[in-house]
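This briefing covers the disulfides of the structure shown below.

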Amino acid sequence: MQYTKFALAALTAAVLAGCGGSSGGDQTLKVKYTAQVSFGDSLSDVGSYAVGTIAALKGGKFTINGNNTSINPELTGKNWTEHLAAQFGLPAPCAAQTGLDGNAAQGFSVASVKHAGCFGYAMGGSRVTNPVGPNNKLTGSALGALTVPVTTQIANHLAVSGGKFSGTEVVFVMAGGNDLLFQLGGLQASATAEGTKAFGSSLVSQLAAGAPNPQTAAAAISLALQTESARPGSTSTTIVAAAVTAAARAGNTAAASATVYGPMVVTAQAAAAKAGADYAAKTGPTLVTAMGTAGAELVALVKDQIIAKGATHVVVNNLPDVANTPSGLGKDANTRALINAMVSAFNTQISTGLAANDKVLLVDVFAVSHDQASNPGPYGLTNVKEPACNLTDATKNPLGSSLVCNGSNLIAGDVSHYSYADDVHPSPFNNLLLARYVAKDLVTRGWL
């Protein structure tokens with residue numbers, strides 16, 4: 001779908017009060033909510049990790065943090081759930097649980113605390129049911145993100161609300177992105193490992209073939225290659241050099257010449273690329289199936305743990321167009337096609353499982369984010385392909401993430417209308433657009 005400038009202007013006027021145009025809510029609301037409860041991941045996180053070093057770096061949310069309206073009015077530091085709380089005339093949402101379980105020496109070990117009266121359960125890295133998401137300590141990450149899954153987030157809310165929802169709150173659910181990113185990351189790591197194995201096998205066999213005793217030479221070259229690969233600080237250049245040196249010592253003196261070993265490296269690289277691609281092609285379909293399962297799990301949670309427990313106004317956002325984020329755009333065509341299939345599998349489960357429920361409002365975030373990617377102008381977006389945050393300067397952004405991005409570590413120039421803060425997370429302006437889009441659907445349903 002495409003929005004004209006006129007339509008955007010009308011939409012802005014309709015939801016201006018709480019989505020950027022006023023500090024308070026609209027007193028003519030059709031439905032008066034007593035509370036706002038949100039479940040999900042980093043896209044809705046209002047500060048679960050705003051502790052320790054993260055707080056010291058003036059971060060805590062996955063966008064451009066802090067009130068930078070002095071730089072530009074759109075750089076509010078707010079995410080979409082905060083804008084909507086204002087629209088409803090409710091207090092600013094606060095994180096239901098804060099803490100980090102990471103490296104203490106780096107300031108990433110902060111006791112987990114649950115905050116009474118705070119219903120912002122969404123947490124960066126969280127998946128639908130699996131407790132191990134991106135940056136969880138079990139992945140080896142020094143950050144030690146808690147990544148409490150949505151299933152546990154809901155259980156935590158029920159534990160403090162008498163085991164039920166009142167029916168007078170608005171409930172936001174937006175999850176699944178980390179199920180995709182985590183599984184995709186695992187696939188890419190395994191594909192890389194397969195490629196590395198194929199590279200070594202090809203190079204060793206080629207170098208050994210020119211030695212007086214190929215079998216003995218292969219063993220020596222393989223050992224040298226493995227030893228150098230395991231050495232901290234090794235590079236592809238040093239690994240090849242170690243293998244070549246071992247080949248020369250094993251009797252293939254000609255291999256010491258770049259004109260000889262150079263073509264061998266090219267052949268080995270081709271073998272690596274094919275092995276990695278073959279592995280991804282074979283394993284990719286299992287990720288699509290897994291995303292369908294995650295979508296079905298989220299549907300079950302909404303039905304059995306939210307609606308069945310009393311909620312009457314549940315807003316469920318589907319997954320956005322992940323393939324058109326800066327991260328997705330950096331992938332090859334096959335990987336982007338896989339991402340699209342994974343998103344589609346998840347979103348199909350959401351739409352088929354919840355479409356007929358009159359207590360659920362489905363918001364098609366994929367449609368609007370896809371349109372933004374190809375038609376940014378009418379949305380007021382000036383860049384939909386590059387991050388607004390400087391992610392490469394470790395002195396300014398040691399995590400390379402929007403989690404610690406603020407007005408002091410942006411790229412040069414006016415980034416106030418950039419779509420993305422980092423590789424996958426929206427800027428404050430795009431969070432405002434998302435809030436307006438959700439509000440528009442709320443108005444259409446008669447829930448706002």
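At 0% relative accessibility, does Cys405 count as buried or exposed? Cys405 counts as buried, since "buried" applies under 20% relative accessible area. The model is predicted, and it holds 2 disulfides. With bonded cysteines counted along the chain, the pairing pattern is 1-2, 3-4.

**Cys94 and Cys118**

- The sulfur atoms of Cys94 and Cys118 are 2.1 Å apart, and the two residues form a disulfide.
- Cys94 sits in the loop between helix H3 (80–87) and strand E2 (97–101), and Cys118 in the loop between strand E3 (109–114) and helix H4 (150–160), so the pair ties together parts that are 24 residues apart in sequence.
- The disulfide is left-handed because the torsion about the S-S bond of Cys94 and Cys118 is about -100 degrees.
- Cys94 has a relative accessible area of 27% and is partly exposed, whereas Cys118, with 12%, is buried.

**Cys389 and Cys405**

- Cys389 and Cys405 form a disulfide with their sulfur atoms 2.1 Å apart.
- Cys389 lies in the loop between strand E7 (383–387) and strand E8 (418–420), and Cys405 also lies in the loop between E7 and E8. The two cysteines are 16 residues apart, and the pair links distant parts of the chain.
- The link of Cys389 and Cys405 is left-handed, with -95 degrees about the S-S bond.
- Cys389 counts as buried at 3% relative accessibility, and Cys405 counts as buried at 0%.

Definitions and conventions
Residues numbered from 1 in each chain as written. Predicted model: local features only at pLDDT ≥ 70, side-chain atom pairs only at ≥ 80, totals over all residues. Heavy atoms only, no water. Disulfide = S-S within 2.5 Å. Helix = DSSP H or I, 4+ residues; strand = E, 2+ residues; numbered from the N terminus. Buried < 20%, exposed > 50% of the residue type's maximum accessible area, 1.4 Å probe, protein only.
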